[in-house]
Amino acid sequence: MDYKYEAIPSIKHVEKYGENRSALDVHETLGTLDRHWKNSRSQNRRRLVVMISGALGILLFLYWAITGWSHSIQSCDSVRDGFQCQPELSHYWGQYSPYFAVESEIATEVPDQCQITFAQILSRHGARDPTSSKTTKYNDTIANIHANAKSYGKDYTFIRDYIYTLGADHLTVFGQQQMINSGEKYYHKYKSLAQRTTPFIRSSGQERVIESAQNWTQGFHDARTDDLSGSNDGYPYKIVVISEDVGSNNTLDHGLCTSFEDGFDSKIGDSAQQTWIDMFTPSITARLNKNLPGVNLTNTDTISLMDLCPFNTVANPLGRLSPFCSLFTLPEWHSYDYYQTLGKYYGYGWGNPLGPTQGVGFTNELIARLTATPVDDHTSTNSTLDSSPKTFPVGGTTNLYADFSHDNDMTGIFAALGLYNATRPLLNTTLEDMEETKGYSASWSVPFAARAYFEKMTCVGAQEEFVRVIVNDRVLPLESCGGDDLGRCTLSAFVDSLSFARQGGKWDQCFA
Ligand SMILES: *[C@@H]1O[C@H](CO)[C@@H](O)[C@H](O)[C@H]1NC(C)=O
Ligand SMILES: *[C@@H]1O[C@H](CO)[C@@H](O)[C@H](O)[C@H]1NC(C)=O
Ligand SMILES: *[C@@H]1O[C@H](CO)[C@@H](O)[C@H](O)[C@H]1NC(C)=O
Ligand SMILES: *[C@@H]1O[C@H](CO)[C@@H](O)[C@H](O)[C@H]1NC(C)=O
Ligand SMILES: *[C@@H]1O[C@H](CO)[C@@H](O)[C@H](O)[C@H]1NC(C)=O
Ligand SMILES: *[C@@H]1O[C@H](CO)[C@@H](O)[C@H](O)[C@H]1NC(C)=O
Ligand SMILES: *[C@@H]1O[C@H](CO)[C@@H](O)[C@H](O)[C@H]1NC(C)=O
């Protein structure tokens, strides 16, 4: 369990970036102690305090190191009191990681002398149960173990008593809380606009996405009510729901592009993942089988048992770490994370010839909002919706937007926007770290309750407005439009860089 010791440096990181509620509380407590210290009059008392706090410090450190207690302080910003997620693990669960603030090389604060004039959030729904096909598969894997295990190895005995109770597709309570927190955070981040403006909100039509949007508005509304002490702000806010039914034009949910959905391209992600499964799982499968004699698990079962770690963790309202998590080592979680990253990149990103095309409709809508001009798109937008100011307002007083979607769709949108264009085609047989992927991974881009912010700002001394993009609190460098050292491009440079989307991507190949 040596990963537990790595918690201490990451505390520093969280304080530095100041994104973590619980860690901030610790920071504030330390500040209070410091003030007490300064007020203390007697020298002797000071010496005593030094001795006691030194001893306490050592004890606390040992306690930390031994029990990993620091992890409960390291909440992933999901549940206010006591999310016990362990960042060394939970940041390596691919798209099943609960949202966390990704380290940003560029400062996340609004640059000096600049003022935010526009903020669009594009959010994934919060943590959910497994999809229905996966939940059947996991249940079968557990049933197979129960039926055939002749004995259970030392760390495996909990499986004997484990009853599979995960549902299917629904947002969990933990996931609802993530969205409430996200709404609050957005309010505070964009308060200068949010005090006066209620965001224009759209949601893709699946129940968990709509519910996520609702929970997000709860958090936004609560934060505003606290801030402005009451005031009727029209809550519950209007949400435009876009159907996910077959044939629906929906920029927040793919489905129209036939070659992408059913053709050769629909298999590329699975194929890339299979190559990597063959590399990293056999040694794990062998260990599992040694500890569960009689069962004969496959490499695919190994993935299922790994999946049960995040899913059981987010099924707990406090995100208490599931015992399935400790069946695997830290390097094994890194391999798992990479497995999920390959699935996204080759399924919906530039690794797939038609992946980025799925994000073109949303990109053209974003251009319309940023430039206050009508939507110009011939891919997945719905012209009925987008030509009406009731369902697609642009310009005027509308400067806050919130859209709710899925991980796969966000991956395609990020690709169409060129956000990870510095990433080279990912290797299927060798794990690449975050430096090698230039900051791209499933857990950094589309975890549960992922959120991208697209901002516009005016700055003193600058003729033109700037655009900045922040994905899970990491300011992206925006190399593709010549981003400056604060991550900004001028609006015109940003729009110019989006020629792929403006030209409709490869939509013409969808029906070839
Ligand atoms: C798991 O499978 C068993 C037997 O097939 C079934 O009775 C049970 O309802 C399933 N549980 C869940 C949560 O799907
Ligand atoms: C999240 O939203 C749903 C649907 O509006 C609601 O039933 C649920 O109570 C909300 N969750 C919380 C924690 O408030
Ligand atoms: C476009 O949106 C309108 C209004 O919601 C809806 O009635 C129509 O079915 C949608 N068309 C498509 C192709 O999605
Ligand atoms: C990874 O696998 C996919 C699917 O087989 C393939 O399209 C892609 O070219 C492979 N990537 C590399 C870098 O070989
Ligand atoms: C385990 O299953 C594989 C096929 O998945 C089979 O080839 C192998 O013989 C089985 N081993 C045992 C010990 O049953
Ligand atoms: C829906 O999308 C298709 C494919 O791009 C397009 O032909 C059709 O006109 C769109 N329908 C609406 C209502 O926008
Ligand atoms: C990202 O790369 C693709 C493929 O090379 C290119 O077509 C697209 O224009 C790039 N996007 C941006 C915003 O630079």
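Start by selecting Cys-481 and Cys-489: the link between them has 95° about the S-S bond and is right-handed. Their sulfur atoms sit 2.1 Å apart, which makes the pair a disulfide (two cysteine sulfur atoms within 2.5 Å). Cys-481 and Cys-489 are each buried (under 20% relative accessible area, with exposed being over 50% and partly exposed in between, using a 1.4 Å probe and protein chains only).

Before moving on, a word on what is loaded. This is a predicted model, in which local features need pLDDT of at least 70 and side-chain atom pairs count only at pLDDT 80 or more, while totals for chains, interfaces and linings use all residues. Residues are numbered from 1 along each chain as its sequence is written, chains are lettered from A and ligands numbered from 1 in the order in which they are written, and side-chain values use heavy atoms, without hydrogens or water.

How many disulfides does a search of the whole structure find? There are four. Select Cys-257 and Cys-510 for another of them, with 2.0 Å between the sulfur atoms. Here the angle about the S-S bond is -90°, and the link is left-handed. Cys-257 belongs to the loop between β3 (239–242) and α11 (258–262), and Cys-510 to the segment after α21 (499–502), so the bond ties together parts that are 253 residues apart in sequence. Helices and strands on this tour are DSSP runs, numbered from the N terminus (helices H or I, at least four residues; strands E, at least two). Both cysteines, Cys-257 and Cys-510, are buried.

Next, pick Cys-309 and Cys-325, joined by a disulfide with an S to S distance of 2.1 Å. Is this link left-handed or right-handed? The torsion about its S-S bond is about 95°, so the disulfide of Cys-309 and Cys-325 is right-handed. Cys-309 is in helix α14 (residues 299–315) and Cys-325 in the loop between α14 and α15, 16 residues apart.

**Helix α15**

Now select residues 330–348, which make up helix α15. From first C-alpha to last, the 19 residues of α15 reach 27 Å, close to the 27 Å expected at 1.5 Å a residue (the expected span is 1.5 Å times one less than the number of residues). The helix is mostly covered, with 17 of its 19 residues buried.

**Ligand 4**

Go to ligand 4 and show the residues around it: Ile-268, Ser-271, Ala-272, Tyr-346, Leu-426 and Asn-428 (each has a heavy atom within 4 Å of the ligand). Helix α12 (residues 268–280) gives the largest share of this shell, three residues. By class, the shell around ligand 4 holds four nonpolar, two polar and no charged residues. Here Ala, Val, Leu, Ile, Met, Phe, Trp, Tyr, Cys and Pro count as nonpolar, Asp, Glu, Lys and Arg as charged, and the others, Gly among them, as polar.

- the side chain of Asn-428 places an N or O atom 2.3 Å from an oxygen atom of ligand 4;
- the side chain of Ser-271 has an N or O atom 2.7 Å from an oxygen atom of ligand 4;
- a polar side-chain atom of Tyr-346 is 2.9 Å from a nitrogen atom of ligand 4.

On its own, ligand 4 has 360 Å² of accessible area, and the protein covers 56% of it (Shrake-Rupley method, 1.4 Å probe).

**Ligand 6**

Around ligand 6, select Asn-249, His-378, Thr-379, Thr-381, Asn-382, Ser-383, Thr-384 and Trp-507. This shell has one nonpolar, seven polar and no charged residues. A backbone N or O atom of Thr-379 is 2.6 Å from an oxygen atom of ligand 6, and the side chain of Trp-507 has an N or O atom 3.4 Å from an oxygen atom of the ligand. Ligand 6 taken alone exposes 360 Å², of which the protein buries 53%.

**Ligand 7**

For the last stop, show Trp-350, Leu-417, Gly-418, Asn-421, Ser-480, Ser-497 and Phe-500, the residues around ligand 7. Which residue has a side-chain N or O atom 2.4 Å from an oxygen atom of ligand 7? That residue is Asn-421. The protein buries 63% of the 360 Å² that ligand 7 exposes when taken alone. Its shell divides into three nonpolar, four polar and no charged residues.

Methods: Polar contact = N/O pair within 3.5 Å; in protein donor to acceptor, adjacent residues only side chain to side chain.
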